[in-house]
Amino acid sequence: MFVRNVAGTPGPPITIAKKPKYRAAWSRAGRLADQTWSFIAMATEESGDAKAEPALSSSTNRSQKASEKPDYALKFTLVGHTEAVSSVKFSPNGEWLASSSADKVIIIWGAYDGKYEKTLYGHNQEISDIDWSSDSSCLVSASDDKTLKIWDVRSGKCLKTLKGHSNYVFCCNFNPLSNLIISGSFDESVKIWEVKTGKCLKTLSAHSDPVSAVHFNCNGSLIVSGSYDGVCRIWDAASGQCLKALVDEDNPPVSFVKFSPNGKYILIGTLDNTLKLWDYSRGRCLKTYTGHKNEKYCIFANFSVTGGKWIVSGSEDNLVYIWNLQTKEIVQKLQGHTDVVISAACHPTENIIASAALGNDKTIKLWMSNY
Amino acid sequence: MEGDGSDPEPPDAGEDSKSENGENAPIYCICRKPDINCFMIGCDNCNEWFHGDCIRITEKMAKAIREWYCRECREKDPKLEIRYRHKKSRERDSNERDGSEPRDEGGGRKRPAPDPDLQRRAGSGTGVGAMLARGSASPHKSSPQPLVATPSQHHQQQQQQIKRSARMCGECEACRRTEDCGHCDFCRDMKKFGGPNKIRQKCRLRQCQLRARLSPVTPSESLPRPRRPLPTQQQPQPSQKLGRIREDEGSVASSAVKEPPEATATPEPLSDEDLPLDPDLYQDFCAGAFDDHGLPWMSDTEESPFLDPALRKRAVKVKHVKRREKKSEKKKEERYKRHRQKQKHKDKWKHPERADVKDPASLPQCLGPGCVRPAQPGSKYCSDDCGMKLAANRIYEILPQRIQQWQQSPCIAEEHGKKLLERIRREQQSARTRLQEMERRFHELESIIARAKQQAVREDEESNEGDSDDTDLQIFCVSCGHPINPRVALRHMERCYAKYESQTSFGSMYPTRIEGATRLFCDVYNPQSKTYCKRLQVLCPEHSRDPKVPADEVCGCPLVRDVFELTGDFCRLPKRQCNRHYCWEKLRRAEVDLERVRVWYKLDELFEQERNVRTAMTNRAGLLALMLHQTIQHDPLTTDLRSSADR
């Protein structure tokens with residue numbers, strides 16, 4: 001594989017050894033290899049270009065390791081929070097990592113070097129969730145003080161405070177256009193807010209228990225919300241109508257929901273140690289991922305698409321679990337935290353995972369993989 | 001009434017009966033004023049009316065009174081006693097009857113057991129007796145005799161009936177105390193001790209050991225008193241500000257960087273108080289409060305228990321009361337910002353010694369290096385010096401390795417910042433050159449105008465009005481709406497507009513302070529609105545009148561062919577008559593000035609950006625940031641997680 005020199009830039013690649021493997025990949029992986037072949041062709045043209053090299057290696061690796069595993073290794077530990085960390089998110093432009101915590105502050109770190117950047121103060125109570133706007137300039141945070149705050153990251157100031165919930169605000173999400181925010185709260189409602197004015201546009205109340213997760217799909221037309229009552233609802237963002245309700249047989253409390261990047265599937269985490277991938281248009285569960293422990297906390301899970309296609313999730317046994325999306329088998333378990341790993345985020349362009357743990361640990365760990 | 005000091009009570013003399021003294025309006029009360037618009041209470045003996053404010057009786061308290069006698073009557077006739085309607089007060093009354101003291105307020109005041117909290121808790125109950133007692137503290141104090149004379153009665157009362165309430169067990173040492181110590185921060189906040197009555201809490205020594213909120217330490221009699229009186233040693237003084245004192249910062253800063261909240265279990269008052277106010281405050285406060293928790297290598301010999309959520313919740317309530325101190329906090333903010341410039345010592349918020357959770361019996365040892373003295377109640381240190389020493393030691397130990405850690409790998413954000421600064425510099429440069437360009441144009445224009453004026457000497461009587469007169473066509477003025485002759489239309493509209501504009505003001509609070517700008521804004525001060533006029537000086541219709549044009553002055557406007565080409569010729573018509581080039585100098589000057597203003601705005605913006613980048617750069621690896629956060633690198637080879645080459 002390619003070797004990194006000390007400065008961190010990729011060094012001269014060792015290409016010779018790879019050539020026979022290309023052919024092997026072609027015959028083995030069939031259609032998938034076609035794509036990799038074109039990649040390779042591109043790469044060989046600009047063989048001197050260091051940039052193509054990672055694409056090259058990752059693509060070859062992808063093809064030959066379609067059923068293989070990532071090799072995430074611990075690179076950085078970010079210490080700074082004084083209470084349990086509740087959520088970590090990478091910014092869409094990949095530069096920053098934002099982390100929210102029960103110590104009422106949000107800390108911004110550099111995503112690539114893990115260095116502290118700044119702290120955002122303002123909340124009166126613990127912060128449960130944060131989300132970036134699409135241009136990476138704003139953050140929204142949901143807090144136990146029943147408000148959400150919109151922050152300008154550049155200046156570190158709170159731009160707006162969204163008031164309206166009557167109980168802890170638990171989750172929040174920007175829409176892709178970043179003109180709307182949805183928030184789910186312990187008052188069993190989902191509210192849609194307008195960013196510019198800070199006013200609540202709609203309140204969707206169709207849950208009978210705290211709402212644990214809300215998410216927009218990739219084009220902002222649909223909202224999915226999951227709640228402790230075991231029901232996942234899909235709403236039309238424009239009208240606020242509930243389009244669908246996904247219920248499983250025994251409806252365990254839903255702790256996490258998220259649309260897949262292409263918007264066709266929903267990843268649902270429930271408090272019975274299961275993660276499920278649903279095709280919501282047909283209302284069928286396609287894949288089930290188990291092996292981790294999730295019975296108490298609302299643990300974030302993610303699609304990792306930068307390298308291999310994985311599902312990444314935290315767990316209550318202090319490990320980060322990575323499953324192969326297709327085969328559903330656990331491909332890696334990252335060890336290092338000393339408390340429940342509540343949140344795991346995937347970098348938008350690089351193979352970096354950030355994981356955060358609760359009160360006994362209070363650190364954020366950055367893991368990097370080659371594929 | 002010297003005893004009370006701060007109470008601005010009107011003198012006691014002439015309390016009641018000398019009411020009517022021949023003035024128009026009957027006067028009442030001890031203040032001898034005819035004001036009857038406030039709440040008043042009447043003495044059932046002498047029938048004189050007293051203002052509630054003057055004698056410290058609120059309407060609410062009065063509701064519980066059945067019979068009330070003024071001070072003087074009670075002085076004169078010991079048998080007169082105030083009767084209450086309150087159920088429990090019947091007990092009180094019965095108690096007081098057997099203690100035949102001249103003043104029952106004395107009894108009320110010295111009766112801490114019944115309702116001591118009522119003295120202090122805002123919005124709790126109607127402690128009539130207590131309040132009354134407080135109000136009449138002065139007369140009581142002024143005559144020490146009864147004090148001496150009635151200890152037995154008090155004792156008796158106390159023995160019989162020390163009230164038990166939600167906040168008083170009635171049995172502990174603190175509950176048994178009858179007098180306020182007068183030295184603790186709560187006492188010094190009391191009106192009777194000369195305080196501003198902002199904190200409104202019971203004397204520290206009288207906070208019930210079992211039931212009081214944030215159970216304060218009450219040093220028992222057996223504990224040796226500190227060598228110096230308590231207040232001066234305890235850090236959060238002046239009590240007005242609830243312990244979060246700025247003065248403190250300067251004097252104490254007992255741990256410049258690491259100031260763990262004293263009384264470790266109660267850091268929440270810190271957090272809740274500071275919190276909503278200001279990020280700057282909060283930042284430094286956090287620096288203090290947070291440093292301790294869970295950083296194993298920095299822990300003191302005692303571990304700090306985590307914030308008890310129950311305590312935290314209670315503390316929140318208190319915060320609302322304290323919100324009134326916004327003004328004092330603003331001052332703190334400012335001073336705080338100043339302090340922050342000094343990177344050396346980051347002052348932390350002192351923990352207000354609202355309460356200590358430690359067992360009241362023993363004070364822990366001071367945490368200062370090598371110090372064996374006991375810590376002050378409500379603090380971890382015996383004195384400021386110890387705290388400072390400990391803090392300095394910590395910095396010496398930890399900071400170097402943190403700096404090394406930081407410098408181990410290049411900071412990407414830092415590099416971006418530098419590039420940004422470069423760009424901003426370049427833009428500033430270009431803006432400045434543009435500015436110079438503008439200045440040049442400005443001078444050019446002036447010279448043209450001057451030249452035109454010179455030409456006036458050679459006067460010209462050519463009066464070719466190029467345009468044919470269309471006097472039939474009527475134009476309507478846009479400002480006043482009247483029909484006007486098109487020939488004089490321009491002139492009229494200019495004048496008309498100026499007339500309307502001069503009636504409105506357009507200004508800002510700040511005078512223009514730009515170095516090197518010759519003439520930009522009008523800047524005339526308007527005392528009514530306290531603003532400086534911000535129109536262009538050459539244009540301002542409000543503050544500058546067009547100068548009178550002498551008859552022989554020539555228009556002098558450079559003539560153009562096809563709008564853009566200068567012919568080199570100048571308009572020779574007398575200014576008074578020229579209708580095409582009315583006010584041309586003014587407009588041209590304004591054009592140039594406007595351009596200059598725009599460039600200054602741009603420069604301003606760039607300065608702002610630069611400032612932001614610089615603060616980000618300083619704060620990123622500042623003292624606080626380094627001490628509070630840490631990035632541990634596990635793989636020495638990987639300093640940058642980007643897979644592609646650095647951009």
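What share of the contacts in chain B with a separation of 6 or more is accounted for by residues 24 or more positions apart? In this predicted model, such residues account for 62% of those contacts. The secondary structure of chain B consists of 23 helices and 12 strands. Of its 647 residues, 50% count as buried.

Helix 12 covers residues 185–189 and includes Arg188(B). With a relative accessible area of 29%, Arg188(B) is partly exposed, because the partly exposed class lies between the 20% limit for buried and the 50% limit for exposed. The C-alpha atom of Arg188(B) is 8.8 Å from that of Cys203(B), a residue 15 positions away along the chain.

A salt bridge also involves this region: the side chains of Asp185(B) and Arg204(B) meet at 3.0 Å, N to O. Asp185(B) belongs to helix 12 and Arg204(B) to the loop between helix 12 and helix 13, so the pair ties together parts of chain B that are 19 residues apart in sequence. Both partners, Asp185(B) and Arg204(B), are buried. The loop between helix 12 and helix 13 (230–233) also holds Arg200(B). Arg200(B) is not a glycine, yet its phi is positive, at about 55°.

A positive phi of about 55° is also found at Lys530(B), again a residue other than glycine. Lys530(B) sits in the loop between strand 8 (525–526) and strand 9 of chain B. Its relative accessibility is 55%, so Lys530(B) counts as exposed.

Is Arg545(B) buried or exposed? Arg545(B) counts as exposed because its relative accessibility is 65%. On the surface, Arg545(B) gathers with Arg495(B), Lys548(B) and Arg576(B) in a patch of positive charge.

Salt bridges are the next topic. Side chains of opposite charge can pair when their charged atoms come close. Over all chains, the structure holds 29 salt bridges. One of them joins the side chains of Arg535(B) and Glu542(B), with an N to O distance of 2.9 Å. Arg535(B) has a relative accessible area of 10% and is therefore buried, whereas Glu542(B), at 24%, counts as partly exposed.

Helix 22 of chain B provides another example. There the side chains of Arg611(B) and Glu608(B) form a salt bridge of 2.7 Å, N to O. The two residues are 3 positions apart in helix 22 (residues 584–620), which means that about one helical turn separates Arg611(B) from Glu608(B). Glu608(B) is partly exposed, its relative accessible area being 36%. Salt bridges that share partners also form a network, made up of Glu117(A), Glu414(B) and Arg620(B).

Notes
Residues are numbered from 1 along each chain as its sequence is written. Chains are lettered from A and ligands numbered from 1 in the order in which they are written. This is a predicted model: local features need pLDDT of at least 70, side-chain atom pairs count only at pLDDT 80 or more; totals for chains, interfaces and linings use all residues. Side-chain values use heavy atoms; hydrogens and water are left out. Patches are made of residues with over 30% relative accessible area and no salt bridge: like charges are joined within 9 Å, nonpolar side chains (Val, Leu, Ile, Met, Phe, Trp, Tyr) within 5 Å. Accessible areas come from the Shrake-Rupley method with a 1.4 Å probe; for residues, only the protein chains shown count as cover. A salt bridge is a side-chain nitrogen of Lys or Arg within 4 Å of a carboxyl oxygen of Asp or Glu. Lys and Arg count as positive and Asp and Glu as negative; His and the chain ends are not counted. The place of a charge is taken as NZ of Lys, CZ of Arg, CG of Asp or CD of Glu. Buried means under 20% relative accessible area, exposed over 50%, partly exposed in between (1.4 Å probe, protein chains only). Helices (H or I, at least four residues) and strands (E, at least two) are DSSP runs, numbered from the N terminus. Contact means heavy atoms within 4.5 Å.
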